[in-house]
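Biologist: Can we go over the charged contacts in this one, then a helix pair? Put the model up first.

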Amino acid sequence: MTKPVLAGAAIAILVVAAIYFSTTNGEPEGAARTDASPATTSSPADPGSARGGSAAADLSSRPNEVVAPAAAADDFNPEIPRHGSSLFGDLKYGPDFKHFDYVNPDAPTGGLVRYGAFGSFDSLNGFIVKGKTAAGLGMIYDTLMVSSMDEPASEYGLIAESVRHPKDYSSVTYKLRPQARWHDGEKITPDDVIWTFEQLKKNHPFFNAYYANVVKAEKTAEHEVTFTFNQTGNRELPQIVGQLPVLPKHYWTGKNAKGTNRNFSETTLEPPLGSGPYRIANVSPGRSITYERVADYWGRNLPVNVGANNFGSMRYEYYRDGTVALEALKGDRVDFRVENSAKNWATEYDIPPVRRGNLKKEQVPSLNPQGMQAFIFNIRRDKFKDPRVREAFNWAFDFEWMNKNLFYGQYTRTNSYFANSELAARGLPEGQELDMLRKFEADLPPEIFTAPYRNPATDGSGNNRANLRRAAALLAEAGWSVQDGKLADAAGLPMNVEFLLDDPTFERVVAPYRQALHKLGIQSSIRTVDTSQYQNRTDNRDFDIIVESFPQSLSPGNEQREFWGCEAAEAPGSRNAIGICDPIVEKLIDRVIYAASREELVAASRALDRVLLAGHYVVPQWYSANTRVAYWSRLKHPERMPPYSIGFPTIWWIDSSAPAPQPKADEPQ
C-alpha cells in the first residue's frame, strides 16, 4: 500500500496520492516536488509541547539507513465491524481513543501559513489527467478512512464509522457516519461513494490501476457501501479502498453558476464543493490559492481530527524559480519550506534570522522507505531496449564525485527500489525469496543468484576511467561502436540522448554526467521546459531520459502495477513512464499483492526488487533518511514527531503570542 498525491496536492488519498504524482522538484537532491505540500494527513507528536525545532544535527552522527521491521499480523475476526484496520497486526488505538498520541490536543487554532509551491496551475480538478492541479486541494476532501502517522499501515474511520470484510478478502463493507456532511449541508451518502469510485476509475489511469481488482461498489444498507473484489486473498484491498477520497455526486452532476452542466472529465477553475476541514477561499490562477478553515466542519471533533487542522488559513504561493522561492522564505514571504537541496542547506542559511532563532532549521528523521529516485530511460525507444546499454549509462555516472562536490556528502546512493526498509533486496536470495525466483531461473540473468546488486562506485576524485572502460565494453557487446568520435549502432545511427527537465536547478547534476557520456561518444543535450509542457511530454512518452521517483510504503501492493505493469506501460499518463512490460515482473507483482503473510510480502518485494535492478531500467540516484525543514519560529509542532511523517501542515500550529527572538547588539548583518 502506498500513499500517492494528487497532482500538485498533498492530499489525504490523498493519503494515497504522494506516490502517484510526486516526482523530483528539479532541485538536484530533491525527491518530492515543491508544488505539492510536504508530508500531510498521511503522506507522509507529544501533547502540549511547543518546541520550535533545533539546529541541524551533524549528519555524520546519524545512521545512513533507518530500517523498521514490521510485526506479523495477529489473528482477528475481520467480519466483526471495527473502528479501523491494519495490515501489520492489532491497531494501536482502541475504539474509545480520544486522539492520536503525537498531536497536541490543546493546539491553538487560527493564523495564516504560507507555503511556496513550484510552477503553476490551471485546474481545481485533481482527479483527471488533464491540466496542472493547484496545490493543497486534498484539504477540502475527506476520505473513508485516515492513516495514523505513528503506525506503518493502520487506518481509522473518518467518513466511515466502521469497516468489516470476509476472511477470504473478497469484499469490504464500510458503514458511513450519519453526521457526515458536505460544506453545503447535504449528507454524504453511499451514492456519493459509489459515484466517486466509478468516476475515478473512469477518468484517471492511476485509479483504474490502483483499484483494478475492485469491480463493484453498491449500497447494502442505508449508511453502508460494499466493494466487491474479483479475486480473493488480496489483503491490501480493504486498506486501499479506505483511502478513497469521496466527492459530491450532486455537485458534479449539477450546474454551475452560469447554468451549464459540470463535466467531471474536464479541467475547471470553479472552486469545487468539499467536505473536509478546509474550503477554497481565493484563487489567482497560476499564482496562488488560499484555503480557509471550515468553522462548522462536521468532523472537527472526531478522534482522528483532534489536534489537527489548526491553521486558520493556508496560502500556496507559486514560484517559477527555485532561488526566488528560497529568498521568499528568507524574506518572510513564506513560512515553511522543505529544503531538497543539500547545497542550499549547507550554504544559504547563514543569515541573521537563522542565527538569532527567528528562522528555524531542523532535520526530521523518517522511518519511511525512500523508494527509487533515478534517471529513467524510455525503453520504448530502440536505443534503450538493450539492458547492456542502460547498464553502461550507470557505469558512467559518478555519484561519489557528485556527493562530495555538489551535495556536501549528505546522501546515500540508492541501491534498491525499496531503499531504507526491510523490503530491499540484500545479500543473495534465500528462503521464500529464492523459491520465488527459482521458478523463473531460466529466464533471469544468472547474476541474480550469484552476486548481490551493487551500483558502480568511484573514489570521488573525478577519475572515472575504469568505470568508463566498463561502460564502453558493455556498449560494444550491445553492438555500438565509436565512429568519428561518435557512438553509433550497426546501421551507423548515432547515440543522441536528451535529458528532459522541468527545472533548471537540476542542470548542474546533468552537466558533469554529460561530460562522462561524451567520453563514450554519446551525444547528449539538456532540454528544460515549463511544467505544463513537461507533463504533456512525459504523459505522452515523448522523452529519452527524465528524472523520476517511485516512493514506496512499508506495505507495497496494487500501486506496483502502475509503476511496472504491462497495462500501465501502454496507458498515457501512467506512472510506468519507463515502459516496463515483463511477464516475470507481472507475476512477482501478483506475489506482492496476494501475499498471505508479512513474511511472504517481504520475500516477494525483495524478489521484485532484485529483478527490477537486474533489468537496469534506471540510473539510481540518492536519498536521505532525514527531511530538512526550515520555518519561522511562530510555527510550532509537537515535541515528539511521528515516525512516518513530518506532519505538516496537519498537526502544526501558529503561536501568535510567542515573542520573536530579537537581534543581538553585536550581531553581524
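Biologist: Which residues are linked in a network of salt bridges?
Modeller: This is a predicted model. In it, Arg 381, Lys 383, Glu 498, Arg 537, Asp 542 and Asp 544 form such a network.

Biologist: Take Arg 381 and Asp 542. What is the N to O distance?
Modeller: Their side chains meet at 3.4 Å, N to O. Arg 381 is in the loop between strand S14 and helix H8, and Asp 542 is in the loop between helix H14 and strand S20, so the bridge ties together parts 161 residues apart in sequence.

Biologist: How accessible is Arg 381?
Modeller: Arg 381 is partly exposed, at 25% relative accessible area. Asp 542 is also partly exposed, at 36%.

Biologist: How many salt bridges does a search of the whole structure find?
Modeller: The search finds 28. One of them pairs Arg 114 with Asp 332 at 2.9 Å, N to O. Arg 114 lies in strand S2 and Asp 332 in the loop between helix H5 and strand S12, so parts 218 residues apart in sequence are tied together.

Biologist: Is Arg 114 buried or exposed?
Modeller: Arg 114 is buried, with a relative accessible area of 14%. Asp 332 counts as partly exposed at 27%.

Biologist: New topic. At what angle do H17 and H18 cross?
Modeller: Their axes cross at roughly 160° and come within 8 Å. Angles over 145 degrees count as roughly antiparallel, so H17 and H18 are roughly antiparallel to each other. The crossing is left-handed.

Biologist: And how do the residues of that contact divide?
Modeller: Into 11 nonpolar, one polar and two charged. Among them are Leu 588 and Arg 591 in H17, and Glu 600 and Ser 605 in H18.

Terms used
Residues numbered from 1 in each chain as written. Predicted model: local features only at pLDDT ≥ 70, side-chain atom pairs only at ≥ 80, totals over all residues. Heavy atoms only, no water. Axes fitted to C-alpha atoms, helices over the stretch in contact; angles between N-to-C directions. Helix = DSSP H or I, 4+ residues; strand = E, 2+ residues; numbered from the N terminus. Parallel < 35°, antiparallel > 145°, perpendicular 65-115°, else oblique. Left-handed = near helix turned anticlockwise from the far one by under 90°. Contact = heavy atoms within 4.5 Å. Nonpolar A, V, L, I, M, F, W, Y, C, P; charged D, E, K, R; others polar. Salt bridge = Lys/Arg side-chain N within 4 Å of Asp/Glu carboxyl O. Buried < 20%, exposed > 50% of the residue type's maximum accessible area, 1.4 Å probe, protein only.
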